[in-house]
Amino acid sequence: MIVVAGEALIDLVPEGTGALTTLRPALGGGPFNTAVALGRLGSPTAFCSRTSYDAFGEALLEGLRRAGVNVSGVQRGPEPTTLAVATLDGGGSAAYSFYVEGSADRLFTAPARLPDGTRAVSFGTCSLVLEPGASAYEELMRDTSARGVFTALDPNIRPGLIPDPDAYRARFLGWLPSVCLLKLSAEDADWLGGSPREWLERGPAAVVVTRGGDGLTVFTRDGAEHSVPGEKVEVVDTIGAGDTVNAALLHGLSVRDALSAEAVARLGADDWTGLLRFAARAAAVTCSRAGAEPPYAAELAGAPFSR
């Protein structure tokens, strides 16, 4: 079981250009997208979050169920669902404005236990920014790591939600001793400062940096660096692409029974190249269609790490 911890929200996706274009509601949130992608790839997955009793909250849970994700541990509340308004640039990249005050996911509390058979827990995005939930997710991360469970972090930076960038950067460094796999975009890395080598010294067994259409690179503790190019595809938008990479990495490590820091350290060049290519292919499928629509396992049949 891979547990994904973090927010589920509604993306309002523009269907044209200009501030007053029609907005289409879509299920989203980085952790939500990661959980759906894992479920579609065939990994046993559970979601750890807090959602609203409103219609959007019900739709989010139903989306997870359709992907085969276990939602029995999701907390519920009467507060509204968080909304994220996306703006697309000419290349399909999205920027977001958030409506988060008083929303249900902010009131998450750390659970007493995780599902039986949990082998990994993934964290990231808004859930690690918005209090009081952020402190609860941080508590869960530290506790999970202390019990020897594989932890993954995708910070997925949303600058508009971070009132004190320096404080967040310091907090990010404080998470790294509890992280086995750090995955982030080149833009996130630039915003955070530092470098993969510096972050590796603080704890992670591997750091994966995504560069959009230019591909992915992994940096490992033994000084190795492996890169693959991006898959060529006609991009509709990039919503959910990074979340798909995150899921593909976790799925691939699970297939190789490598969900531990020790197992990650044993992966060689061929292992990493295959895993990164699988992630690049999965992300390309997501980019080829509107919104966060990660691929099903059958769409990647024949690719490394597919089941």
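In this predicted model, Ala-241, Thr-244, Val-245, Ala-248, Leu-249, His-251, Gly-252 and Leu-253 of helix α7 are in contact with Leu-275, Leu-276, Phe-278, Ala-279, Ala-282, Ala-283, Thr-286 and Cys-287 of helix α9. The residues that form this contact comprise 12 nonpolar and 4 polar ones, with no charged residue among them. Helix α7 spans residues 241–255 and helix α9 residues 269–287, and the two pack at an angle of about 145° with their axes 8 Å apart; the crossing of α7 and α9 is right-handed.

The loop between β9 (120–124) and α3 (133–146) contains Pro-132, and the peptide bond that leads from Glu-131 to Pro-132 is cis, with omega near 5°. Thr-125 is found in the loop between β9 and α3 as well, whereas Asp-257 is found in the loop between α7 and α8 (261–266). Each of these two residues has a positive phi although neither is glycine, and their values are set out below.

| Residue | Phi | Relative accessibility |
|---|---|---|
| Thr-125 | near 65° | 5%, buried |
| Asp-257 | near 55° | 56%, exposed |

The cysteines can be considered next. The count of disulfides comes to 0. Cys-48 is in no disulfide, the nearest cysteine sulfur being that of Cys-126, 16 Å away, and Cys-48 counts as buried at 6% relative accessibility. For Cys-180, the closest cysteine sulfur is that of Cys-48, and because the two sulfurs are 17 Å apart, they are too far from each other for a bond. Cys-180 likewise counts as buried, at 14% relative accessibility.

Key. Residues are numbered from 1 along each chain as its sequence is written. This is a predicted model: local features need pLDDT of at least 70, side-chain atom pairs count only at pLDDT 80 or more; totals for chains, interfaces and linings use all residues. Side-chain values use heavy atoms; hydrogens and water are left out. Axes are lines fitted to C-alpha atoms, for helices over the stretch in contact, and angles run from 0 to 180 degrees between N-to-C directions. Helices (H or I, at least four residues) and strands (E, at least two) are DSSP runs, numbered from the N terminus. A crossing is left-handed if the near helix is turned anticlockwise from the far one by less than a right angle, and right-handed if clockwise. Contact means heavy atoms within 4.5 Å. Ala, Val, Leu, Ile, Met, Phe, Trp, Tyr, Cys and Pro count as nonpolar, Asp, Glu, Lys and Arg as charged, and the others, Gly among them, as polar. A disulfide is a pair of cysteine sulfur atoms within 2.5 Å. Buried means under 20% relative accessible area, exposed over 50%, partly exposed in between (1.4 Å probe, protein chains only).
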